[in-house]
Amino acid sequence: MKILDKPSVFAAEINLEFSKTRTIEELKEVFRELVLRLFEVSSVNDKLVGHIKIYSEGKNGSSIRANLTGSIKNLTVITNGNEGESKLKVWINVITFMIKEEELLKCVKDAIMKFVEDNKGIIKSFGLSISDAHENHENELAF
């Protein structure tokens, strides 16, 4: 396993609307699954030198934070608030020293799109805005 000299970074904002209001426990499971999928594409041999962070805000004031560094056993998902949510604004940040940035961008974007497709039954609409810190532009993807 070769570690890169500089980190590769993926940053995005997602507007996510569910087909019905989801409980906090259901949302925690959604975030847990998403982080695990991002881990699969940003780690090597089940190890991540870097981090995956997801933060969300809902219309009812709930927030969910997910964080993973190193290995799957370090996955943490915490919530603030008890009300369910049907719409979330989500920020994703993946930093890794293990995969080149071009590959990371493609793999993470593909993992997010596959995640959304696999959850079509619960996700009503989806919008992804990818920030490229080096070029200072955004790509828009909508579902």
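**Labels and their grounds**

Visitor: Why is Arg37 called buried?

Guide: The relative accessible area of Arg37 is 18%, and buried means under 20%, so Arg37 takes that label. The model is a predicted one, and the percentage is computed from it.

Visitor: What makes Arg37 and Asp118 a salt bridge?

Guide: The N to O distance between their side chains is 2.8 Å. The criterion asks for a nitrogen of Lys or Arg within 4 Å of a carboxyl oxygen of Asp or Glu, so the pair qualifies.

Visitor: How do you know that this pair links distant parts of the chain?

Guide: Arg37 belongs to helix 1, while Asp118 belongs to helix 2 (residues 101–118), and the two are 81 residues apart.

Visitor: Which other partner of Arg37 forms a salt bridge with it, and how far apart are the closest N and O atoms?

Guide: Glu33, with the closest N and O atoms 2.9 Å apart. Arg37 and Glu33 are 4 residues apart in helix 1, which means a separation of about one helical turn. Glu33 is at 28% relative accessibility and therefore counts as partly exposed.

Visitor: What makes a network here?

Guide: Salt bridges link Glu33, Arg37, Lys114 and Asp118. The whole structure has 8 salt bridges.

Visitor: Why does the pair of Lys28 and Glu25 count as a salt bridge?

Guide: Their closest N and O atoms are 4.0 Å apart, and the cut-off is within 4 Å, so the pair counts. Both residues lie in helix 1 (residues 24–42), 3 residues apart, about one turn of the helix.

Visitor: How is the packing of helix 1 and helix 2 described?

Guide: Two packed helices are described by an angle between axes and a distance between axes. Helix 1 and helix 2 pack at about 145°, with axes 9 Å apart, and their crossing is right-handed. The contact involves, among others, Val30, Leu34 and Leu38 of helix 1 and Leu104, Val108 and Phe115 of helix 2. Glu33, Arg37, Lys114 and Asp118 are also part of the contact. By class, the contact residues divide into 10 nonpolar, 1 polar and 4 charged.

Visitor: What makes Asn45 and Asp46 worth a remark?

Guide: Most residues other than glycine have a negative phi. Asn45 is not a glycine, yet its phi is positive, about 55°. Asp46 also has a positive phi, near 60°. Asn45 is in the loop between helix 1 and strand 2 (48–58), and Asp46 is in the loop between helix 1 and strand 2 too.

Visitor: How do you know that Asn45 and Asp46 are exposed?

Guide: Exposed means over 50% relative accessible area. Asn45 has 62% and is therefore exposed; Asp46 has 55% and is therefore exposed.

Conventions: Residues are numbered from 1 along each chain as its sequence is written. This is a predicted model: local features need pLDDT of at least 70, side-chain atom pairs count only at pLDDT 80 or more; totals for chains, interfaces and linings use all residues. Side-chain values use heavy atoms; hydrogens and water are left out. Buried means under 20% relative accessible area, exposed over 50%, partly exposed in between (1.4 Å probe, protein chains only). Axes are lines fitted to C-alpha atoms, for helices over the stretch in contact, and angles run from 0 to 180 degrees between N-to-C directions. A crossing is left-handed if the near helix is turned anticlockwise from the far one by less than a right angle, and right-handed if clockwise. Contact means heavy atoms within 4.5 Å. Ala, Val, Leu, Ile, Met, Phe, Trp, Tyr, Cys and Pro count as nonpolar, Asp, Glu, Lys and Arg as charged, and the others, Gly among them, as polar.
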